Amino acid sequence: MPMPQSSAPVVVGIDGSAAALEAARWGAAEAISRAVPLRLIHVVDVEADLDPDLDEDPAAVARDWPETTRGLQALAAASTAVYDLGGPISVESQIVYGEVDSTLVDESGHASLLCLGSTGITPICRRLLGSTAANLAESGRCPVAVIRTPSDTCTSTPDPHWIVMAVDGGPDDDRIVDYALDEARLRRAPVLAVDVSHNGHDAEDSADLRHRVSRWQEHHPSVRVYPVHAPTNIAEFLNQQADLCVQLAVLGSADARHVVTILGSDRDKGRPTSRCSVLVVR
């Protein structure tokens with residue numbers, strides 16, 4: 001899989017949630033496949049409590065904070081979950097100090113992949129409170145995976161658990177395809193190549209997409225890839241697939257704005273995409 005730094009770790013943000021444990025497991029599989037370390041971090045925000053006139057050590061200021069204690073417990077639980085998977089992996093756990101979003105952006109500059117868990121994001125919550133997952137999907141300096149726990153419906157069905165990649169014939173397609181098909185091989189999943197260019201209205205457009213899929217298939221013969229045109233953006237396409245179990249949507253950075261809609265929220269029980277994880281490639 002193409003990476004900005006071949007030996008850079010897979011970094012997972014841990015906040016103590018079940019979704020973060022799922023992200024740790026997901027990130028562990030990535031780290032093993034890349035033969036790189038796994039770095040688990042919990043961010044403690046001490047910015048508001050530091051005196052700007054003093055050269056204070058954030059670790060000393062927050063040493064006895066309940067948040068620090070919870071962070072250490074969350075990291076221990078995540079480490080246990082990773083080691084329980086087995087496999088050859090080097091795991092580092094660390095409390096880091098700073099404003100959460102900016103600290104994770106900084107971490108992404110030294111990572112091959114940044115993973116976060118998410119319980120879902122509603123657009124109104126994004127506007128009022130912000131969302132670390134959505135902000136990192138848009139601002140991260142490496143590929144960012146936002147991981148949701150799979151729905152009960154999808155985990156109990158023998159139907160394929162698809163990986164969907166959003167392509168448009170542009171210059172980012174090669175990286176999106178490389179990541180998506182490597183994920184499919186790692187997770188033994190079929191792929192839907194969804195053309196979001198809003199073409200596909202005639203035989204020539206359909207033939208062009210089939211030709212591109214055939215070329216990708218030649219380079220990844222172990223993965224089955226199926227072409228489909230989307231009449232609108234990738235978020236709307238996923239929302240319309242009520243009978244499709246999608247485990248991961250792979251997008252380019254130009255489509256990162258759709259992450260909020262794709263992730264949905266736990267209140268959106270009827271939406272098929274409310275448990276779909278997202279990988280934003282850059």
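Contact, throughout these legends, means heavy atoms within 4.5 Å. The model is predicted, so local features need pLDDT of at least 70 and side-chain atom pairs count only at pLDDT 80 or more, while totals for chains, interfaces and linings use all residues. Residues are numbered from 1 along each chain as its sequence is written, and side-chain values use heavy atoms, with hydrogens and water left out.

View 1. S79 is buried, at a relative accessible area of 13% (buried means under 20%, with a 1.4 Å probe and protein chains only). Beyond its neighbours within four places in sequence, S79 is in contact with L40, V91 and S93.

**View 2. Packing of helix 1 against helix 3.** Helix 1 (residues 18-34) and helix 3 (residues 66-84) pack at an angle of about 45°, and their axes are 9 Å apart (helices are DSSP runs of H or I with at least four residues, numbered from the N terminus; axes are lines fitted to C-alpha atoms over the stretch in contact, and angles run from 0 to 180 degrees between N-to-C directions). L21, A24, R25 and A28 of helix 1 meet A77, A78, A81 and V82 of helix 3.

**View 3. The largest nonpolar core.** A nonpolar core is a set of buried Ala, Val, Leu, Ile, Met, Phe, Trp, Tyr and Cys residues joined through side-chain atoms within 4.5 Å. Of the 47 residues in the largest one, V12, I14, L38, L40, M165, L181 and V250 touch the most other members. Apart from this core lies another of 37 residues, including V11, V146, I234 and I262.

**View 4. Contacts of L181.** Not counting residues up to four places away in sequence, L181 touches M165, V191, W216, H220, V223 and V225.

Terms used
Helix = DSSP H or I, 4+ residues; strand = E, 2+ residues; numbered from the N terminus. Buried < 20%, exposed > 50% of the residue type's maximum accessible area, 1.4 Å probe, protein only.
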